[in-house]
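Me: I am new to this structure. Can you show me how to read it, feature by feature?

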Amino acid sequence: MGHAPQLNRRSFVLGTAAIGSGLALGIPFGGPTAVHAADGTLEVNAWVVVRPDETVVVRIARSEMGQGTLTGLAQLVAEELECDWSKVTTEYPTPGQSVARKRVWGDFSTGGSRGVRTSHEYVRKGGAAARLMLIQAAANEWAAPVSECATSKGVITHVPSGRTVTYGKVAEAAAKLQPPADVKLKDPKDWTIAGKPLKRLDTVEKTNGKMIYGADIKLPGMLNAAIKDCPVFGGTLKSFDDSKILGMKGVKKVVRVGESAVAVVADTWWHAKSALETMPVVWDDGKNANVSSESIGKWLQEGLDAAQPAFVGNKAGDVKAAFASAAKTVEAVYAYPYQNHATMEPMNATVLYTAEKCEVWTGTQNGEAVFAAAVEASGLPSDKCEVYKIMPGGGFGRRGMTDYVRQAVAIAKQMPGTPIKLMWSREEDMLHGRYHPVTQSKLIGAFDADNNLIGLHMRISGQSILASVRPEAMQNGMDTVTFQGLNASGEAAIGYTVPNLLIDHSMRNPHVPPGFWRGVNVNQNAIYLESFMDELAHSVGQDPLEFRRKLMTKHPKHLAVLNAVAERIGWTTPAPQGVFRGICQHMGFGSYVAAATEISVTGGNKIKIHRIVAATDPGYAVNPWQIDRQIAGSFVYGLSALFYGECTVKGGRIEQENFDTYPSMTMKEMPKVESILMPSGGFWGGVGEPTICVAAPAVLNAYFAATGKRIRSVPLKNHDIIFA
Amino acid sequence: MASLTINGRSYEIDVEPDTPLLWAIRENAGLTGTKYGCGVAQCGACTVHVDGQQVRSCSMALSEAIGKQVTTIEGLASEGAVHKVQQAWIDHDVPQCGYCQSGMIMAVAALLETIPQPTDEDIDLAITNICRCGTFQQVREAIHAAASA
């Protein structure tokens, strides 16, 4: 027995007036005019197409890049649609279609673990509205009241008579109906498709070589481009001597790309890259030619003690007074380096430009941003541009940027009518990242005579992402994202109550371009705060878990995940001989997360991780299986960053050019992650990023427990600490 | 013109003999399931089999593969039957972004030919492919499943 429809026929009639307001309210149910899908089928609404063969096509605006969002969003639509999950497939609407239809699919941006959490409501309403329209169409055919109809697995039943009809049979009639004015969404406790550990929809093609990534695009007559941008950020291209390579096999053209880059276009990418490597190029390194990691570090260090101006992210009481009255203070300085996203697939985009049209094929986290970049770079009006999203070989924030798309358009504009695939080499990808920002932090804690923590000052000195990437999002010059996980409230709130608290930021923006890097600023903020919490606990001889708990009584959800990992790791029972534990918690992207580890250390520097326990409370869990995979994967990303992740600057450029100098973890280094998924309901948190940030502090705190040595900078390789 | 045998089929390839096998497979034979990740044999995304041995094809010259049997991800399934490693991958929902998985699967298939029942230690030593999504936990589960299939 399916769920009875929530609206009667009268509601549908009245609903005709609601389309406009629905759009105005940003509830994209679909337009009043029936629209044909690519295969000619009429769509029921913008989110749902049901083909005559009962295949249900769910439109997905956000980008799949491995995190499972595609499957999760399809589950949410299918849940409300009450269709047969085995018949569900998905498709991406294009940004051009979205613009032409007044952004009926809402935001395409896929970052900040927002794929599900900021679109769940309207995609579910899309599914629910489509279901009501399908019922209405069936009821019309039967001349029966909607209230007598029920749905289950894509079949509509007229309950009194027992007559049935499938969605595919009434989809065309439903498509011509007006959408309902409003729909009621199911209580998540009644979910049968959403909330279930279903398999991904895109797995098979990823196991047989058939999945097409941006790098695999082939168009008739297509040529391939390899590019070199000035290795020193801010430098320019002075000259190049293409006479040396124009006679080489396959080479078609050498083009200047903007002020700072040169590209070789050839029949194959291998020819393009090989020719580019032999071509003499002269750069003007510009004013940043002498910047180094040391000079940046020194500048940031000055910001640790600089008086003002400093942006205040969180404040309570009076830390100065607390420090003045303290029985004891503890101080420490931490640092976090530049890191490259290092997606497995280097950046690439394919562009076909003519005077009439600019088309882009690329793996992207933000189809609309690529569309805007194509419009701007091509100089064509928006109705002459289109973007086709292709599966990206990883994103992690890097593919939210459009620099490589602009380059591809610039090359294609110089060869109108010829499709151009621009692909970066790994070296180009390493040298032209949008790096995890560089910061340092000084923390000072103050205790009263009874060893109560009465004051905490956390000064962050360093780079703002927003200042570079989204300056329009800054508030009076302040980058609020800097304080991720440290805010007084909201989706990235601190989990402790300290009576006198000051968390502030001395912004210093080196010339190396920063970007959103999976986990963003909670990664370093969690290392700083959670390592220091451990330091504070040990400084007064208290158990790190008990020390935290005393400060967390007003933060029950933070405390719940911390308690969960403590219990699972067996915190109160002795660890095996030679094994030591670390624990931490944090909040980011709307989710509460905690981790506990067990490690052993040999020779003082060889770490063996025996256990990792990770807990997350994301409010609702749309697909527990995929969340489990995101948690496990996030530890690979987070621990790779801890052990290996560093891009150093010398002569104004990044020194690491490939995985030999910028390693990433492999099987032998990765222990099993025991995940605890504990959705408490009532809010929607992300799952792709939050748990990364607890990976490092849990290990660092365990390392201190094992050795008595506190590591305050990343990566561990700089301390000669390696995997056992 | 070189004659290269990939997945049992002969391809006439007109490129320089020192072209990396990877690019001959991708751009000349047109089989794009084999991926470029680093070009320096670090990441394993380009792993194929040459006469049954796993090879990082970005670092083998085309000329070295002439006269040998090259197998890519597209040729792993025999006569339409999914290879047991591919089946385990599907059953365990291993891939995330999937870009590294062709190479990972090829490396695992080669491992199981040599060591049909690998221990965790065998896996640690043999499978050194990089996966930035971090699928290792599922990869390990799926290897053991494939081994007992």
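Reply: Start with burial. A residue is called buried when its relative accessible area is under 20%, and exposed when that area is over 50%. Keep in mind that this is a predicted model.

Me: Is Phe396(A) buried or exposed?
Reply: Its relative accessible area is 10%, under the 20% limit, so Phe396(A) is buried. Phe396(A) sits in the loop between S16 and H11 of chain A. Its phi is positive, about 55°, although Phe396(A) is not a glycine.

Me: Where is Val146(A)?
Reply: Val146(A) is in a loop of chain A, between helix H5 (120-142) and strand S4 (149-152). Val146(A) is buried too, with a relative accessible area of 1%.

Me: How do I check a helix? What should helix H10 of chain A span?
Reply: Count 1.5 Å a residue, over one less than the number of residues. H10(A) has 12 residues, 367-378, and should span 16 Å. The C-alpha atoms at its ends are 16 Å apart, so the two values agree.

Me: Which residues of H10(A) are buried?
Reply: Among them are Gly367(A), Val370(A), Phe371(A) and Ala374(A). The buried residues of H10(A) pack against helices H4 (95-100) and H11 (403-413) of chain A. They also pack against strands S14 (348-353), S15 (358-362) and S16 (385-389) of that chain. After H10(A) comes Gly379(A), with a positive phi near 75°.

Me: Now strands. What is the general idea?
Reply: Side chains in a regular strand alternate between the two faces of the sheet.

Me: How many residues of strand S19 of chain A are buried?
Reply: 10 of the 10 residues of S19(A), 453-462, are buried, so the strand is largely enclosed by the rest of the structure. Strand S18 (residues 439-447) of chain A pairs with S19(A) in the antiparallel sense, over nine bridges. Here Lys442(A) stands opposite Arg459(A). Five residues lie between the strands of this hairpin, and Asn451(A) takes a positive phi near 65°. S19(A) also pairs with strand S20 (residues 500-507) of chain A, in the parallel sense, over eight bridges. There Gly462(A) stands opposite Met507(A).

Me: In what order do the five strands of the open sheet in chain B run?
Reply: The order is S2-S1-S5-S3-S4, with mixed pairing. Strands S2 (9-13) and S4 (53-56) of chain B are the edges, each pairing on one side only. From one strand to the next, the twist averages 40°. Within the sheet, S3(B) and S5(B) pair in the antiparallel sense over two bridges. His49(B) has Thr71(B) as its bridge partner in S5(B). Helix H4 (residues 101-114) of chain B lies across S3, S4 and S5 of chain B, at about 40° to S3(B).

Me: How is empty space found?
Reply: A probe the size of a water molecule is rolled over the atoms to show where space is left.

Me: How much space lies in the second largest pocket?
Reply: About 480 Å³. Of its 18 lining residues, those closest to the centre are Lys608(A), Met670(A), Pro671(A), Asp124(B) and Arg140(B). H6(B) gives the most to the lining, with four residues.

How values were computed: Residues numbered from 1 in each chain as written. Chains lettered and ligands numbered in written order. Predicted model: local features only at pLDDT ≥ 70, side-chain atom pairs only at ≥ 80, totals over all residues. Heavy atoms only, no water. Buried < 20%, exposed > 50% of the residue type's maximum accessible area, 1.4 Å probe, protein only. Contact = heavy atoms within 4.5 Å. Pairing = 2+ DSSP bridges. Axes fitted to C-alpha atoms, helices over the stretch in contact; angles between N-to-C directions. 1 Å grid on protein atoms, 1.4 Å probe; cavity = no way out; pocket = protein on both sides within 12 Å on 5 of 7 lines; lining within 4 Å. Points joined across faces, edges and corners; volume = space filled by probe spheres on them.
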